[in-house]
Amino acid sequence: MATRKLAAVALTVPVCVVTAAAPAMAEQHTETLHANLQPLNESGASGTANVTVEGTHVTVDINSNGLVADAPHAQHFHIGGQNTCPTDEADTNDNGLISTPEGQPFYGDIQTSLTTEGDTSPDSGLAVDRMPTADSGGNVDYSRSFEVPQDVADSLRDGDAVIVQHGIDVNGNGEYDTEAGQSELDPALPAEATHPATCGRLTSAPDGGVAAGGGGAMDNGANTALAGFGAFLVAAAGTVLFLGRRAHANR
């Protein structure tokens with residue numbers, strides 16, 4: 001009878017561990033997101049973006065290449081559309097180019113401006129002086145941490161955000177000009193400066209990094225809790241097996 005009681009206690013203890021560990025895991029959770037930036041408007045540009053979200057704090061890292069050299073490139077989190085990048089069908093005026101307004105039904109409105117400093121709200125969507133400038137090779141390496149509104153953080157976690165970089169060179173003269181017209185967003189800017197150049201939807205990155213495969217990432221605290229819980233289960237199972245063998249031997 002005593003042996004049965006000990007076995008029952010060993011089996012019920014892990015339930016208490018799960019109850020205690022669950023809140024701590026939820027509090028420490030950090031979501032890691034990734035996007036492959038693909039070219040739009042035959043820009044020839046591409047890149048990768050990695051975003052971590054912890055509460056309402058985000059860290060954004062973007063590495064892209066093939067952009068217009070020595071030129072600023074506006075970039076944003078777009079949210080509220082179909083959570084995808086536009087196809088050729090977005091070119092509703094049949095001029096061979098997809099403007100930012102034409103792409104909005106696909107990727108949504110600007111919700112965060114990925115500036116190099118200062119404000120990151122939609123109000124800074126065209127703050128060209130605070131957007132990253134591509135180097136002489138057409139590369140942009142961007143890294144910044146900042147706070148976002150709760151609804152933006154939620155959209156990022158839900159996979160409802162798209163990163164878009166803007167700025168193309170239609171006539172290949174190495175600069176933004178008005179040969180492709182003026183921007184629909186601001187007539188003071190050339191259309192080339194605001195037309196989208198790359199686009200990618202942010203989705204959960206695999207645990208341990210993009211190359212690891214699998215689903216969303218879990219922070220080290222959560223992994224430690226799970227590892228400890230797994231070890232406890234193994235130990236509990238061993239205790240039950242030992243007690244069972246001892247009881248059999250005493251018969």
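**Checking the labels on a predicted model**

Colleague: Why is Arg-157 called partly exposed?

Modeller: Arg-157 has 26% relative accessibility, and the label covers whatever falls between buried (under 20% relative accessible area) and exposed (over 50%), with a 1.4 Å probe and protein chains only. So Arg-157 counts as partly exposed. Bear in mind that this is a predicted model, where local features need pLDDT of at least 70, side-chain atom pairs count only at pLDDT 80 or more, and totals for chains, interfaces and linings use all residues. Numbering runs from 1 along each chain as its sequence is written, and side-chain values use heavy atoms, leaving out hydrogens and water.

Colleague: And what makes Asp-154 partly exposed?

Modeller: Asp-154 sits at 35% relative accessibility, so Asp-154 gets the label of partly exposed.

Colleague: How do you know that Asp-154 and Arg-157 form a salt bridge?

Modeller: The rule asks for a side-chain nitrogen of Lys or Arg within 4 Å of a carboxyl oxygen of Asp or Glu. Here the closest N and O atoms are 4.0 Å apart, so the pair passes the cut-off. The structure holds one salt bridge.

Colleague: Where do the two partners sit in the chain?

Modeller: Both belong to helix α3 (residues 150-157), and because they are three residues apart there, about one helical turn separates Asp-154 from Arg-157. A helix here is a DSSP run of H or I with at least four residues, a strand a run of E with at least two, and numbering starts at the N terminus. The chain has five helices and nine strands.

Colleague: What makes the space lined by Ser-99, Thr-100 and Pro-101, among others, a cavity?

Modeller: On a 1 Å grid over the protein atoms alone, a 1.4 Å probe fits in a cavity but cannot get out, whereas a pocket is an open set with protein on both sides within 12 Å along at least five of seven lines; lining residues have an atom within 4 Å of a point. By this rule there is one cavity of 30 Å³ or more. The largest cavity holds about 30 Å³ of space, and its lining also includes Glu-184 and His-195.

Colleague: Which residues line the largest pocket, and what is its volume?

Modeller: The volume is about 170 Å³, counted as the space filled by probe spheres set on grid points joined across faces, edges and corners. Among the lining residues are Pro-39, Leu-40, Asp-88 and Ile-98.
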